[in-house]
Amino acid sequence: MPPPVVGLLGPTNTGKTFLALERMQEHATGMIGFPLRLLARENYDRLVRARGADAVALVTGEERIVPPHPRYWVCTVEAMPTDLEVDFLAVDEVQLAADRERGHVFTDRILHARGREETMLLGSDTMRPLLRRMVPRLELVSRPRLSTLRHVPARRLERTPRRSALVVFSLPELYAVAERLRGETGGAALVFGALSPRTRNAQVEMYQAGEVDHLVATDAIGMGLNLDLDHVAFTALVKHDGVGPRRLKPAEVGQIAGRAGRHVRDGTFGATTDLGELPPELVSAVEEHRFEPVVSAQWRNPRLSFQSIEALLESLNRRPPQPWLVRARHADDQQALETLRRDPEVAALARRPEDVRLLWDVCQVPDFRNVMTEAHTRLLSQLFGLLVRGDAGLPADWVDRQVRRLDDVLGDTHALLERIAAIRTWTYVSHRPGWLADAATWQARTRQIEDRLSDALHERLREEFVTRGASVAVRVAADGLVSGIAADGTIEIQGVPAARLVGFRLEALPGESSRALKAAANRAAREGLDARVVELVEAPEDAFALTIDGMLLWRGDPVGRALPGERLLAPQVEALATDLLDPPRRERVRRRLAGWFAGHQRRALGPLLDALEAPLEPAARGLVYTLAETLGSAPRRGLRTSIDALSRGDRQQLARLGVTLGWRHVFLRATLAPEALRLRAALWNVRQPQTPAPAVGPPSMGAPGASDPRRDAACGYERVAELLLRIDALEEAIGLAQPRLRAGQPAPPARIARALHCDPDSVPALLAALRLAGDRARR
């Protein structure tokens, strides 16, 4: 009789992992696979405390601790040594078999990995029907949740109770929520997928120790992290899954919400008021742990052919043998292989089966940034070329150059995250058999670098998002000098004006002051800097402004500027560099300015942005894109082909969006309002400072300098004779003149002059320049 296979299923906080570890220790030997390196390490440490370091091995893609004769093996699922026979074998979180990226590995373990005496599959109850198909003689055991999970009404983010996790689904949201909490509650710990295990542990320890009361996390929190959480609050229910944005499935919401409450202590979940109340059907599904079953598992052919690259790809693309299996299509290793096979040099080197096998091993080197960039595939190509040509593995001097440049703890959060991702890749490489001479030395070196970078990242996050006793009030300066910062930025030391903060730049006041007073002012500015950054971050929208040359003002002082982006409508925003702002604080200022700028653009040019996002037919969509390139208006003569292609339905839909097909221009009237015109001029000046925009707003004005039709159109004007005419006023004037001219009657100069706000004596010259009588009628 074959050994039993047990499906241990249930929601979060049911003690499944604890039971599996206890069960494993009842056997002479065992192995358990976890979905995350962090979880593997946590449970390895637990077993070492119980059984001793000589009895337990740890095997992950980046870490390998194997004593001479281990009894128990703790691994990530991908790193499980499946050729090793053990008495007990377990796989955790088997519902990940449905994951598009990693699911095929979990499916393989479910189908093929077995213990000699007992096998245990742990996961969500949603896997029950599928596991019955995958493992016909499965013994199913249900585990009830140890505590109650209860929904509570939505709260404002700032009123989220202590010992809570706020769940977000992007890094910008994560930083924004943590920033708000810093201003209100003194800060938060951060947990997200890009963190190294060491940084993540340090952040969690900061929360567990009570240094902060809140945790801001992505859905990475849902995978087995054991935390003292009383409440989980969702700020969104939409995530990007690598293919596109999608709503969370109820089971995913339940997995994350289930982190609230531990052991027999009850937990609650809900939403922030920014998101609004959770749908009642979702609430009941989570409270009752009632979710749609998983109906299919990702599958990859386990019998790969290495006769050639094409044969390998053909075997990877083999159709599954069962209808409830889905061929894996989105795995990074296969995408890397498909990219590298188009490299002539790689194709020339991968001639023999052993070379193709090596290429496949290289394709499995992970990009821990999870973006599969050209830089990563270029690295894979280099690795393969060096390995296939050399007999002793990778050249030590080349690897040294790659690793040494990453050993740098300076820079902002983004730079440290990039370096950590890169060094983790090299840690993985150092654990590949035969790739490096003296692999143990490289493993130790890359781990030391990762540890230093991780510690530096933890400190950056702490500096940026945790303030002990944070307060908007200005502190008392050192040496007993009582300081204050006035609303206009003036710094007073014991009532004596000493300097002025212009934005975040310290400026001396007119006249002379003592060196000690200047030093005290500088010290006061630095000590009040965090409070001032918080003031900017929390400032209302009307505290900011944009100048016509692209400078961003806060309380009338320059603090940032817009820079050219890929398109006129998409500039970049940066905070001005000063001696006071270090990179983390400068990034906080930049994010607030970028958020204000996006909102300002939406307020001023909303109808244009709405038109860009509207579902239009190709002809109408092309016309709208052209309008966007000139910020809302464009000469009709350049759009005749596009206009001719419009159907009646296209024209009606464009009209509903506010698009006017005028006599000489196509335009959105809303983009000619005063605020919109000022923004258009600023956007032009950011992109083309060598031909600055004129002062915009009036229906007509003198045309300064040389003619530039592109500039004039982008700013909402057309140059006619010696005047710049605003497009809506020009169209009104043409509408008054053209019908009468066609009928052989004189144009009404007084009415046209009123429309253009110009001298009636200039009207004949303008009409002559426009050549109206020769224009074709509008279609």
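## Strand E7 and its partners

In this predicted model, Leu89 has Thr119 of strand E7 as its bridge partner. Strands E6 and E7 run parallel and are joined by four bridges. E1 also pairs with E7 in the parallel sense, over five bridges, and Leu9 stands opposite Gly123 of E7. Two strands count as paired if DSSP finds at least two bridges between them. Helices (H or I, at least four residues) and strands (E, at least two) are DSSP runs numbered from the N terminus. Strands of a sheet pair through backbone hydrogen bonds, either parallel or antiparallel.

Six of the six residues of E7 are buried, so the strand is largely enclosed by the rest of the structure. Buried means under 20% relative accessible area, exposed means over 50%, and partly exposed lies in between (1.4 Å probe, protein chains only). In a regular strand the side chains alternate between the two faces of the sheet. Both faces of E7 are covered: Glu118, Met120 and Leu122 are buried on one side, and Thr119, Leu121 and Gly123 are buried on the other.

## The sheet and helix H1

The open sheet has eight strands in the order E4-E3-E5-E2-E6-E7-E1-E8, and its pairing is mixed. Strand E4 (64–65) and strand E8 (138–142) are the edge strands, each pairing on one side only. Helix H1 (residues 16–24) packs on the sheet and touches strand E1 (5–9), E2, E5, strand E6 (88–91) and strand E7 (118–123). A contact means heavy atoms within 4.5 Å. The direction of H1 makes about 165° with that of E7; axes are lines fitted to C-alpha atoms, for helices over the stretch in contact, and angles run from 0 to 180 degrees between N-to-C directions.

Strand E2 (residues 30–34) pairs with strand E5 (residues 72–76) in the parallel sense, over five bridges. Gly33 stands opposite Cys75 in E5.

## Gly10

Gly10 sits in the loop between E1 and H1. Its relative accessible area is 6%, so Gly10 is buried. Leaving aside residues up to four places away in sequence, Gly10 touches Lys16, Gly123, Ser124, Asp125 and Arg143. Gly10 and Met127 are 117 residues apart in sequence, while their C-alpha atoms are 9.6 Å apart in space.

## Positive phi angles

Asp438 is not a glycine, yet has a positive phi of about 55°. Asp438 lies in the loop between helix H15 (413–430) and helix H16 (439–465). Arg555, also a residue other than glycine, has a positive phi near 55°. Arg555 lies in the loop between strand E24 (551–554) and strand E25 (557–563). Arg555 counts as partly exposed because its relative accessibility is 39%.

## The whole chain

The protein chain contains 27 helices and 32 strands. Its C-alpha atoms fill a box of roughly 105 × 75 × 60 Å along the principal axes. Of its 779 residues, 51% are buried. Among contacts with a separation of 6 or more, 66% are between residues 24 or more positions apart.

## Basis of the values

Residues are numbered from 1 along each chain as its sequence is written, and side-chain values use heavy atoms, with hydrogens and water left out. Local features need pLDDT of at least 70 and side-chain atom pairs count only at pLDDT 80 or more, whereas totals for chains, interfaces and linings use all residues.
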